[in-house]
Amino acid sequence: MLAATLATGAAAAREIAADLSDHSIEITAGFDGAELLLFGHDADASDVIVIVRGPDAPTSVRRKERVGGIWINQTEVDFPSAPSFYFVAATDGMSASGDLENILEETGLGARFLGLAAKSSDVNSKLVDEFRAALIELRGRQQLYATKPGRIDMRADGLFRTYVPFPAATPVGQYTVTVYHIVDGWPVAGTSTPLQVRKAGFGAFVYEFAHAYPALYGVIAILVALGAGWFGGWVFRRS
């Protein structure tokens with residue numbers, strides 16, 4: 001896959017650097033999204049592509065079907081490793097020339113062309129393609145996958161910048177931000193920088209407690225729900 005490509009020879013001689021306005025996003029109770037500035041310098045002031053990828057995680061896609069007048073989950077396809085977030089941006093020259101779409105498809109860098117493999121080889125390939133497309137479309141509507149590439153502003157002196165939007169539903173975890181420069185019409189990894197998305201405040205305590213002690217967290221959640229129901233009934237009887 002292209003993400004593993006390393007620059008060699010003449011390609012390695014190109015100098016490219018990039019950084020983020022912040023290397024951490026904190027998810028609090030009132031978090032409604034964020035936007036980070038990615039900026040950098042390309043010695044050749046040429047075309048570049050930026051990929052921001054969230055942590056991979058097992059993902060299941062289910063299709064509801066009507067059985068006996070009731071809609072239930074009938075068909076399911078499991079993808080053992082799918083990025084939780086995927087953003088693509090490119091310089092204007094690539095979008096204007098029409099080369100960008102071809103490059104994203106040929107290299108599998110575009111969100112629509114991610115080669116997500118199904119967990120079981122027994123699943124019909126046509127069905128896998130259908131469910132893969134459904135997953136990408138769903139995450140596109142959730143603003144977790146970029147439905148169209150963002151814009152990278154490149155100046156004549158090689159300075160460039162782009163803004164990366166993160167929705168309220170941004171998953172936590174370690175993200176990678178990679179800048180590719182175009183060498184002979186092909187993207188080559190130039191530089192990368194990390195990004196951490198994490199819970200903060202009381203929400204972080206609840207999140208960590210739930211993952212560390214899931215059984216106890218479940219018991220407490222049930223007791224809280226029962227207590228809230230009892231209190232609501234008591235208030236209703238008093239009114």
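The model is predicted: local features need pLDDT of at least 70, side-chain atom pairs count only at pLDDT 80 or more, and totals for chains, interfaces and linings use all residues. Residues are numbered from 1 along each chain as its sequence is written, and side-chain values use heavy atoms, with hydrogens and water left out.

**Exercise 1.** State how strand β8 pairs with β7 and with β9.

*Solution.* Strands are DSSP runs of E, at least two residues, and helices runs of H or I, at least four, numbered from the N terminus. Two strands pair if DSSP finds at least two bridges between them.
- β7 (residues 86-91) and β8 (residues 150-154) run parallel, joined by 3 bridges; alanine 89 faces glycine 150 across this pair.
- β8 and β9 (residues 159-166) are antiparallel, with 2 bridges; aspartate 153 stands opposite arginine 161.
- The β8–β9 hairpin has 4 residues between its strands, and glycine 158 in the turn has a positive phi of about 95 degrees.

**Exercise 2.** Check the span of helix α3 and list its buried residues.

*Solution.* 
- The expected span is 1.5 Å times one less than the number of residues.
- For the 17 residues of α3 (residues 125-141) this gives 24 Å, and the end C-alpha atoms are 24 Å apart, which agrees.
- Buried (under 20% relative accessible area, 1.4 Å probe, protein chains only) are Val128, Phe131, Arg132, Leu135, Ile136, Arg139 and Gly140.
- Residues three or four places apart point the same way, because an α-helix has 3.6 residues a turn.

**Exercise 3.** Where does α3 lead in phi terms?

*Solution.* Just after α3, glutamine 143 takes a positive phi of about 65 degrees.

Conventions:
Buried < 20%, exposed > 50% of the residue type's maximum accessible area, 1.4 Å probe, protein only.
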